[in-house]
Amino acid sequence: MADFIGTTSSNDAKIKKGKEKELQAYIDENEYGDATPVIENGTISVYGYDWVTPYARGSDGSAEVAIDEVSFFKGLSPFIAEPLTVQMIGATKCRFPLSAWEIKVWPSGKVQTNGFKLD
């Protein structure tokens with residue numbers, strides 16, 4: 001079986017004033033692999049050489065259960081001051097079908113997804 005190879009990138013969305021520590025605590029609740037949300041200079045971005053798939057940490061600290069990406073990103077909405085747009089693309093052995101997905105999160109809690117992904 002071939003491995004899925006993905007890439008993730010996003011804009012730098014401003015974080016609401018005074019919410020950085022709370023946002024970092026929310027991010028630290030999960031494991032992410034090689035595509036991780038990063039907080040720098042009052043902004044959040046998501047990038048890496050993987051598809052964003054958050055995993056809840058078990059009682060022993062290990063990653064256990066995959067979390068629905070839409071639910072995870074919706075959870076970012078109380079912390080951001082402007083929309084966050086995350087784009088992911090990937091394939092297995094660089095062949096068809098490609099998976100491409102964009103998720104946009106607004107501070108209001110609205111989440112919009114576009115694209116197609118291999119489940």
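A salt bridge here is a side-chain nitrogen of Lys or Arg within 4 Å of a carboxyl oxygen of Asp or Glu. The side chains of K19 and E22 form one, with N and O 3.7 Å apart. The structure is a predicted model. By this rule, the salt bridge count is 1.

**The charged pair**

Side chains of opposite charge can pair when their charged atoms come close. How accessible are the two partners? K19 is partly exposed, with a relative accessibility of 26%. E22 is also partly exposed, at 42%.

**Helix 1 and its cover**

Which residues of helix 1 are buried? They are L23, Y26 and I27. These residues span an arc of only 100 degrees around the axis, so they sit on the same side of helix 1. An α-helix has 3.6 residues a turn, so residues three or four places apart point the same way. The cover over the buried residues of helix 1 includes strand 3 (30-31), strand 4 (35-40), strand 5 (43-48) and helix 2.

**Aromatic rings**

The whole structure holds 5 aromatic pairs. A pair of aromatic rings is described by the distance of the centres and the angle of the planes. Take Y26 and F79. Their ring centres are 6.0 Å apart and their planes meet at 35 degrees, so this pair is tilted. Planes under 30 degrees apart would count as stacked, and over 60 as edge-to-face.

The pair links distant parts of the chain. Y26 belongs to helix 1 (residues 20-28). F79 lies in the loop between helix 2 (69-74) and strand 8 (84-92). The two are 53 residues apart. Y26 and F79 are both buried.

Y26 and F79 also belong to one aromatic cluster, together with Y32, F72 and F73. Elsewhere, a charge meets a ring. K110 lies over the face of W106, 4.5 Å from the ring centre.

Strand 8 is mostly covered, with 7 of its 9 residues buried. Strand 1 (residues 4-10) runs antiparallel to strand 8. Strand 9 (residues 95-105) also runs antiparallel to strand 8. Strand 10 (residues 111-116), in turn, is antiparallel to strand 9. The table gives the bridges for each pairing, with one facing pair of residues.

| Strand pair | Bridges | Residues that stand opposite |
|---|---|---|
| strand 1 and strand 8 | 7 bridges | T8 and M88 |
| strand 8 and strand 9 | 8 bridges | G90 and S99 |
| strand 9 and strand 10 | 6 bridges | E102 and N114 |

What lies between strand 9 and strand 10? The two form a hairpin, with 5 residues between them. G109 is in that turn and has a positive phi of about 105 degrees.

**Inside strand 8: T85**

T85 lies in strand 8. Is T85 buried or exposed? Its relative accessible area is 19%, and buried means under 20%. T85 is therefore buried. Its bridge partner in strand 9 is K104. Setting aside neighbours within four places in sequence, T85 is in contact with S9, S10, N11, E102, I103 and K104.

**Strand 10: F116**

F116 is placed in strand 10. F116 has 51% relative accessibility, and exposed means over 50%. F116 therefore counts as exposed. What does F116 touch? Not counting residues up to four places away in sequence, F116 touches L98, S99, A100 and W101. The C-alpha atoms of F116 and W101 are separated by 5.8 Å. Along the chain, those two residues are 15 apart.

**Strand 4: E40**

E40 is found in strand 4. Its relative accessible area is 47%, which makes E40 partly exposed. How far is E40 from N114? In sequence they are 74 residues apart. In space, their C-alpha atoms are 27 Å apart. N114 is the residue in strand 10 that faces E102.

Definitions and conventions: Residues numbered from 1 in each chain as written. Predicted model: local features only at pLDDT ≥ 70, side-chain atom pairs only at ≥ 80, totals over all residues. Heavy atoms only, no water. Phe/Tyr/Trp six-rings, centres within 6.5 Å; stacked < 30°, edge-to-face > 60°. Helix = DSSP H or I, 4+ residues; strand = E, 2+ residues; numbered from the N terminus. Buried < 20%, exposed > 50% of the residue type's maximum accessible area, 1.4 Å probe, protein only. Lys NZ or Arg CZ within 6 Å of the ring centre and 35° of its normal. Arc of directions from axis to C-beta. Contact = heavy atoms within 4.5 Å. Pairing = 2+ DSSP bridges.
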